[in-house]
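The sequence and model are shown first.

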Amino acid sequence: MYTEQVMEHFTNPRNVGEIENADGVGEVGNAKCGDIMKIFLKISNGIIEDVKFKTYGCASAIATSSIATEMIKGQPIEKAVELSNKAVVEALGGLPAHKIHCSVLAEQAIKAALRDYYEKQGIDPTPILGEPVHDCHDCEGCHA
């Protein structure tokens, strides 16, 4: 059973689309469930001015993409760096256990876009974001 927040973000997703000449783009996917998320960031003076997403997947994948973009839009980059999948799940009022991996993908897609942004700026993202995570192509790692 989905919460009202999940259904609202699924039926009326926020920030859908692409940003031309985005400052950072990140894409992650899970071949096992078929979800693919792509995040586009527009950053100015350390603030995420705009964020868009394109997600192919289930209701939970779309809802987690939508709420995650809402959570970081207008925020300093540091706030996006700290975004966790647990915060995404809480903002949605919960997800079924077998759909938690969607919140992990949302977190990973944002961090992949931030990694791309930092690299474009000539900054090593590893000290800020840690080692890059694999993008869950056919594994159980994101189902924990």
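Contact here means heavy atoms within 4.5 Å. The model is predicted, so local features need pLDDT of at least 70 and side-chain atom pairs count only at pLDDT 80 or more, while totals for chains, interfaces and linings use all residues. Residues are numbered from 1 along each chain as its sequence is written, and side-chain values use heavy atoms, with hydrogens and water left out.

**Helix packing**

Helices (H or I, at least four residues) and strands (E, at least two) are DSSP runs, numbered from the N terminus. Two packed helices are described by the angle between their axes and the distance between the axes. The axes are lines fitted to C-alpha atoms, for helices over the stretch in contact, and angles run from 0 to 180 degrees between N-to-C directions. Angles under 35 degrees count as roughly parallel, over 145 as roughly antiparallel, 65 to 115 as roughly perpendicular and the rest as oblique.

Helix 1 and helix 2 pack with their axes 8 Å apart, at about 90 degrees. Helix 1 is therefore roughly perpendicular to helix 2. V6, H9 and F10 of helix 1 make this contact with A59, I62, A63, S66, I67 and E70 of helix 2. By class, these residues are 6 nonpolar, 2 polar and 1 charged. In this scheme Ala, Val, Leu, Ile, Met, Phe, Trp, Tyr, Cys and Pro count as nonpolar, Asp, Glu, Lys and Arg as charged, and the others, Gly among them, as polar.

Helix 2 (residues 59–72) also packs against helix 5 (residues 100–120), at about 45 degrees and with the axes 9 Å apart. This angle makes helix 2 oblique to helix 5. The contact of helix 2 with helix 5 has 6 nonpolar, 4 polar and no charged residues. Helix 2 contributes S60, A61, T64, S65, A68 and I72, and helix 5 contributes C102, S103, A106 and I110.

**Cysteines**

A disulfide is taken as a pair of cysteine sulfur atoms within 2.5 Å. The whole structure has 0 disulfides. C58 is in none, and its nearest cysteine sulfur, that of C102, is 3.8 Å away.

**Accessibility and local geometry**

Buried means under 20% relative accessible area, exposed over 50%, and partly exposed in between (1.4 Å probe, protein chains only).

| Residue | Relative accessible area | Class |
|---|---|---|
| C102 | 0% | buried |
| N15 | 10% | buried |
| V16 | 49% | partly exposed |
| E131 | 62% | exposed |
| N45 | 79% | exposed |

Most residues other than glycine have a negative phi. N15, in the loop between helix 1 and strand 1, has a positive phi near 65 degrees. N45, in the loop between strand 2 (35–44) and strand 3 (47–56), has a positive phi of about 50 degrees.

V16 is in the loop between helix 1 (4–11) and strand 1 (24–30). Not counting residues up to four places away in sequence, V16 touches K52 and F53. The C-alpha atoms of V16 and I62 are 9.4 Å apart, at a sequence separation of 46 residues.

Which residues does E131 contact, leaving aside its neighbours within four places in sequence? They are R115 and T126. E131 sits in the segment after helix 6 (126–129). Its C-alpha atom is 25 Å from that of S44, 87 residues apart along the chain.
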